[in-house]
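Welcome! Take a moment to look at the sequence and the 3D picture below, and then we can walk through a few of the details together.

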Amino acid sequence: MKKLKTILIFLVANIVLLTADLYAQDKTGNSSIDNPVQTQPNGRNLISCSAFDAITYNGHTISQINATGGIQSSVQSLWGSYTTVNENDTSPERLFMFDEAKVAFNTETGRLTTIEISNYHWPVVILGKEIKVGDQFNKLKQEFGSNIKIIYKPAISDRYVVSFNCSGNDYDGLLIYFNPASHEVDEIKYYKIP
Amino acid sequence: MQFGHLKENSWPPNGSTINVGDVIGIQALSGNLEAAILDGYTNDVHSHIIVRKRIGPGWDTGLDYGEPLNPEDFLTTKFNSNGNPISGTDC
């Protein structure tokens with residue numbers, strides 16, 4: 001009986017160790033997750049301006065989105081029905097809310113100012129590579145190279161980001177925000193400086 | 001008068017009377033400020049001050065936001081680059 005009890009304890013201990021080992025593996029099968037804040041170089045990832053302009057946000061480039069002028073019917077023709085549309089009563093902004101994203105236009109210029117994507121249903125395609133909310137940081141390393149740069153400014157945000165931009169561009173950018181605990185994309189943001 | 005990049009709902013309700021010393025908003029990273037700092041376009045946490053003169057029915061149409069005016073004309077207390085009031089400009 002004592003021997004049986006010993007064997008039982010041994011089996012349980014092994015199951016616990018095996019479970020812990022599996023838990024430690026990330027979704028790409030790597031046995032450890034390096035913390036990108038400690039391992040990756042710092043800075044923006046510069047691509048050609050034609051490649052930057054070709055980035056698609058749920059299927060559409062910035063120039064295609066700007067071509068809507070922020071008009072409701074035109075925006076709907078791009079991405080289907082939005083949940084709500086609001087106009088700020090003190091500033092010229094029209095904000096479209098989708099289940100998975102927010103899209104804002106300046107109503108005086110008709111130009112896009114912000115896209116905030118919070119759901120994997122809205123992928124972005126950068127250099128032909130699809131990235132979406134929920135992807136692991138290691139996927140970006142595989143797609144864009146192991147030396148992909150990150151930006152981490154804890155005084156500003158507890159999340160680290162991967163920034164894509166092109167040389168000489170000083171008015172807009174694409175940021176991919178990562179959850180620092182899970183190392184998963186938790187938001188993708190296009191922004192334009194007024 | 002509009003202040004940009006403030007904390008959501010940190011300002012008094014529309015129609016409020018403002019007195020000297022009242023808090024009229026709390027600085028935050030709203031709008032695209034956080035992204036701009038992360039991306040290195042600016043290092044400064046800042047607020048935009050926008051003043052427009054209301055014209056026409058405006059404001060609720062989403063089309064008419066009024067003529068832009070120089071905010072400095074409405075600020076009687078000036079501050080230096082260190083954030084200290086400049087002597088003789090107090091309101």
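## A strand on the inside

A residue is buried if 20 or more other C-beta atoms lie within 10 Å of its own, exposed if 12 or fewer, and partly exposed in between, with C-beta atoms placed from the backbone. Strands (E, at least two residues) are DSSP runs, numbered from the N terminus.

This is a predicted model: local features need pLDDT of at least 70, side-chain atom pairs count only at pLDDT 80 or more, and totals for chains, interfaces and linings use all residues. Residues are numbered from 1 along each chain as its sequence is written, while chains are lettered from A and ligands numbered from 1 in the order in which they are written.

Two strands pair if DSSP finds at least two bridges between them. Strand E5 (residues 101–106) of chain A pairs with E6(A) in the antiparallel sense over 6 bridges, and here A:Ala101 sits opposite A:Ile117. Their hairpin has 4 residues between the strands, and A:Gly110 takes a positive phi near 70° in it.

E6(A) also pairs with strand E11 (residues 185–192) of chain A, antiparallel over 4 bridges. There, A:Thr114 faces A:Tyr191.

Now find B:Met1, in the segment before strand E1 (2–3) of chain B. With 13 other C-beta atoms within 10 Å, B:Met1 is partly exposed.

Beyond its neighbours within four places in sequence, B:Met1 is in contact (C-beta atoms, placed from the backbone, within 7 Å) with B:Ile49, B:Val51 and B:Phe74.

Notes:
Contact = placed C-beta atoms within 7 Å.
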